[in-house]
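Colleague: Before we discuss any detail, please show me the sequence and the structure. I should then like to go through the model one question at a time.

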Amino acid sequence: MKLLISTSHPEGVLSIVDTETESVVKTIPREGDCDNPRNSHRPFGITWSKDKLFVANRKNLLVYGKDWKLENVLHDVLDENTHQITWWNDRII
């Protein structure tokens, strides 16, 4: 089984981990200004739609495409330290 996990590592946002081999398959790098510079980089909740992957990052929402590249950062759209998000009825809640 493969897991997609958020990490507080300063160089990565997400890691794909293979539970059978107990290894990191891929690390999605931190790109651009994802977070307030005075705070540590802290991705939390993860959800996805058919075409996008969304990561809650303090008050910001990081949007990734199918190629794992950061496409957009929506600043100040979440409550402080949002830990869970989900895709439901074509919306993030």
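Modeller: Helices (H or I, at least four residues) and strands (E, at least two) are DSSP runs, numbered from the N terminus. This is a predicted model, in which local features need pLDDT of at least 70 and side-chain atom pairs count only at pLDDT 80 or more, while totals for chains, interfaces and linings use all residues. Residues are numbered from 1 along each chain as its sequence is written, and side-chain values use heavy atoms, with hydrogens and water left out.

Colleague: Which element of the protein chain has the highest confidence?

Modeller: Confidence is expressed as pLDDT, the predictor's value for each residue from 0 to 100. The protein chain averages 84, and 88% of its residues score at least 70. Where pLDDT is low, the predicted coordinates should not be read in detail. Among the elements, the lowest mean, 86, belongs to strand β4 (residues 43-48), and the highest, 93, to β8.

Colleague: How many helices and how many strands does the protein chain contain?

Modeller: From the N terminus on, the elements run β-β-β-β-β-β-β-β-β. The counts are therefore, under the DSSP run lengths given above, zero helices and nine strands.

Colleague: Which residue in β3 is the bridge partner of G12?

Modeller: Strand β2 (residues 12-18) is antiparallel to β3, and six bridges connect them. For G12, the bridge partner in β3 is P29.

Colleague: Why is one side of β4 and of β7 left without a neighbour in the sheet?

Modeller: These strands belong to an open, antiparallel sheet of four, ordered β4-β5-β6-β7. Both β4 and β7 stand at its edges, so one side of each lacks a neighbour, the reason being that each has a single partner strand.

Colleague: Which residue in β6 is the bridge partner of L53?

Modeller: β5 and β6 are antiparallel and share five bridges. On its other pairing, β6 (residues 60-64) is joined by four bridges to β7 (residues 70-74), where L70 is the bridge partner of Y64. The β6 partner of L53 is likewise Y64.

Colleague: Is N60 buried or exposed, and at what relative accessible area?

Modeller: Buried means under 20% relative accessible area, exposed over 50%, and partly exposed in between (1.4 Å probe, protein chains only). N60 lies in strand β6, and its side chain reaches the backbone nitrogen of D76 at 3.0 Å. N60 is buried, because its relative accessible area is 7%.

Colleague: Which backbone oxygen does the side chain of T82 reach?

Modeller: T82 sits in the loop between β7 and β8 and counts as buried, at 15% relative accessibility. A polar contact is a pair of N or O atoms within 3.5 Å; within protein, one must be able to donate a hydrogen and the other to accept it, and residues adjacent in sequence count only if both atoms are side-chain atoms. At 2.8 Å, the T82 side chain reaches the backbone oxygen of D79.

Colleague: What is the phi of W68?

Modeller: W68 is in the loop between β6 and β7, and is partly exposed at 29% relative accessible area. Those strands form a hairpin with five residues between them. Although W68 is not a glycine, its phi is positive, at about 70°.

How values were computed: Two strands pair if DSSP finds at least two bridges between them.
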